[in-house]
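Hi,

Here is the structure I promised to pass on to you.

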Amino acid sequence: MRCVIVVPTYNEASTIGDLLDGIGACRDQAPDEVIDVLVVDDNSPDQTQDIVRSHPGFGGWVHLLPRASKDGLGAAYRAGFAAAVRAGYDVVVQMDADGSHPATAVLPLLVLVRTNDVAIGSRYVPGGRTENWPGRRRALSWAANTYARTVLRLRTHDATSGFRAWRAEAIAAAGVPETTSNGYGFQVENTWRCERRGLRLAEHPITFVERTAGDSKMSPGVAREAALLVLRWRFRELTRRRTTRPAAPAVVHDGTARA
């Protein structure tokens, strides 16, 4: 199974080196697996690209996709996913560069995606949690996730997670290349698409750690975009007449079926 981890970056010079080292440690633990990295950088002014190019793995298992300008999280992921599919990878992992997503969870996600279409690193299943988050941030995240799950009637516990492993064919089946959201709504849109199209999702508990360097990409504008898109998607469902209903998705956490 050939895997590539797509990492979008913008001004991540303070964290990208540590992330690549962490992924390198995962590679050492699974020498029989092909685990590459594709950094998709939106022309960071802080020399993020220089750090990637200077990493010992660059040109081997570390690759760089430079883009001309900052164009949004969703756009960066779509570009990275398209490059990964063209290169013939079997599995595509999406992962943040800021240290929030534990590299140690990559291998458990790869195990889950062998028997599921998408494996999600989840904060909201038993064993999952957040660390070093202020109370306001924790409440905002919980509220946003609950809002998306309730309005869209999703079964996935962590609909807003940005740490996921996809089987390559699931990317096309979910219609990821046709998504329109560019902020954090990208994660919700893909969860919604996967469930509505009957894909099999699994959730693995992770500890999400607050970034220790750099600035969060979350802003009031990004939050508003996601909230409005959720309403738009649900309205579209309610007003569209369907002649058939898609198969209900199977949502699991660590291999255990959920109702």
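Cys194 is buried, at 1% relative accessibility; buried here means under 20% relative accessible area, exposed over 50%, and partly exposed in between, with a 1.4 Å probe and protein chains only. Cys26 is buried too, with a relative accessible area of 3%. How many disulfides does the count come to? The count is zero, where a disulfide is taken as a pair of cysteine sulfur atoms within 2.5 Å.

Before you read on, please keep in mind that this is a predicted model, in which local features need pLDDT of at least 70 and side-chain atom pairs count only at pLDDT 80 or more, while totals for chains, interfaces and linings use all residues. Residues are numbered from 1 along each chain as its sequence is written, and side-chain values use heavy atoms, with hydrogens and water left out.

Now to the strands. Helices (H or I, at least four residues) and strands (E, at least two) are DSSP runs, numbered from the N terminus. Strand β8, residues 201-205, is largely enclosed by the rest of the structure, because five of its five residues are buried. In a regular strand, side chains alternate between the two faces of the sheet. In β8 both faces are covered: Leu201, Glu203 and Pro205 are buried on one side, and Ala202 and His204 on the other.

Which strand pairs with β8 in the parallel sense? That is β5 (residues 118-122), over five bridges; two strands pair if DSSP finds at least two bridges between them. Within this pairing, Val118 stands opposite Leu201. β5 also pairs with β7 in the antiparallel sense, over three bridges, and there Ala119 faces Ala165. Strand β7 (residues 164-167) pairs with β4 as well, antiparallel and over four bridges, with Val91 opposite Arg167.

Tyr89 lies in the loop between α3 (73-86) and β4 (91-94), and at 10% relative accessibility it is buried. Leaving aside residues up to four places away in sequence, Tyr89 touches Arg2, Cys3, Val4, Asp36, His63, Ala84 and Ala168, contact meaning heavy atoms within 4.5 Å. Val4 is 85 residues from Tyr89 in sequence, yet their C-alpha atoms are 6.7 Å apart. With Asp36, Tyr89 makes a side-chain polar contact of 2.6 Å (a pair of N or O atoms within 3.5 Å; within protein, one must be able to donate a hydrogen and the other to accept it, and residues adjacent in sequence count only if both atoms are side-chain atoms).

Best wishes
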